[in-house]
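Here are a few notes from a pass through this one. Have the structure open as you read.

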Amino acid sequence: MKGKRAIVFEIERFATHDGPGIRTVVFLKGCPLRCMWCHSPESWNPSVERYSDGTVIGREMSSGEVVSEVMEDKDFYDASGGGMTISGGEPMFRWEFVEEVFSKVRANGVRTAIETSGYAPLSAMEAVASVTDLWLYDVKGMDASKHREHTGVDNRTILENLRWLDVHGANIVLRCPMIPGVNDFDANIAALGRLASGLKHVDHIDVEPYIPYGIDKAHKLGLKVYEAPSPPEGYAGEMVRRLSGFTSVSVRRG
Ligand code: SF4
């Protein structure tokens, strides 16, 4: 199969979480961020690797191979208003691959969504924006120094890219991970609300409460992630309520 190549660590068919309708979600390896709460540390390394128990993570695929697999469920996308989503890792780390896959599936009538931290050069955002129907855009924190402390990178590029997408009419869903005791303080929630209210093309905000899925995987890779129990019942609803108090944009449990 021809085309650019990337390392795919999971393809989830019949997904209903990452965008509207029934979707195929393709997860690419490679991420320049190191979010302390990351639930997929197996995505950080851009290469095929193994867990300590020998299980292989990732396989190299061409854009053509990915497109063939995605197209198998075209009838379900058509019936449900779905499509394909590329996630990661950070899929913009392999933006040329994303652009090629999205161009090919769109030529076949499939709608596209990308789940991203937005940490990428503007030129890459521009290229991918031309073939993307929906941006599932993470905003992990509004304070620059805390963002660097929590994710390893500054949030300036991320916020600039978000504003560029908004000015250019992109369809945007904001995704806000909420980590108890880390980024769920009032000033951050208020700033998130103000950000959303100042944008024109945000359909809604998804609150994404912390899930401790990354811990065992990190142990098996010799990596470190934040280790805390799942938030108490009602936490997500409480975050939705608090964030709703700071913005006119609809806030949901993601
Ligand atoms: S951007 Fe996503 S994949 Fe990368 S470290 Fe953060 S949560 Fe993990």
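1. Which residues does Tyr 137 touch, leaving out those up to four places away in sequence? The list runs to Thr 116, Ser 117, Gly 118, Met 125, Ile 158, Asn 161, Leu 162, Leu 165, Ile 172, Val 173, Leu 174 and Arg 175. Bear in mind that this is a predicted model.

2. Tyr 137 also stands out in the largest nonpolar core, which has 68 residues: together with Met 84, Tyr 137 touches the most other members. Apart from that core lies another, made of seven residues, including Phe 27, Tyr 51, Ile 57 and Leu 221. As background, nonpolar side chains in soluble globular proteins tend to be buried together.

3. Now the ligand. You'll find it in the largest pocket. Around the ligand are Cys 31, Leu 33, Arg 34, Cys 35, Cys 38, Ser 40, Ser 43, Trp 44, Gly 89 and Lys 140. Sorted by class, that shell comes out as five nonpolar, three polar and two charged residues.

4. Helix 1 (residues 63-71) buries Ser 63, Gly 64, Val 66, Val 67, Glu 69 and Val 70. Among the elements covering those buried residues are strand 1 (5-15), strand 2 (23-28), strand 5 (59-62), helix 2 (74-80), strand 6 (83-87) and helix 3 (95-107).

Key. Residues are numbered from 1 along each chain as its sequence is written. This is a predicted model: local features need pLDDT of at least 70, side-chain atom pairs count only at pLDDT 80 or more; totals for chains, interfaces and linings use all residues. Side-chain values use heavy atoms; hydrogens and water are left out. A nonpolar core is a set of buried Ala, Val, Leu, Ile, Met, Phe, Trp, Tyr and Cys residues joined through side-chain atoms within 4.5 Å. Buried means under 20% relative accessible area, exposed over 50%, partly exposed in between (1.4 Å probe, protein chains only). Contact means heavy atoms within 4.5 Å. A residue is near a molecule or strand if one of its heavy atoms lies within 4 Å of it. On a 1 Å grid over the protein atoms alone, a cavity is a set of points where a 1.4 Å probe fits but cannot get out, and a pocket is an open set with protein on both sides within 12 Å along at least five of seven lines; lining residues have an atom within 4 Å of a point. A molecule sits in a cavity or pocket if more than half of its atoms lie within 2 Å of its grid points. Ala, Val, Leu, Ile, Met, Phe, Trp, Tyr, Cys and Pro count as nonpolar, Asp, Glu, Lys and Arg as charged, and the others, Gly among them, as polar. Helices (H or I, at least four residues) and strands (E, at least two) are DSSP runs, numbered from the N terminus.
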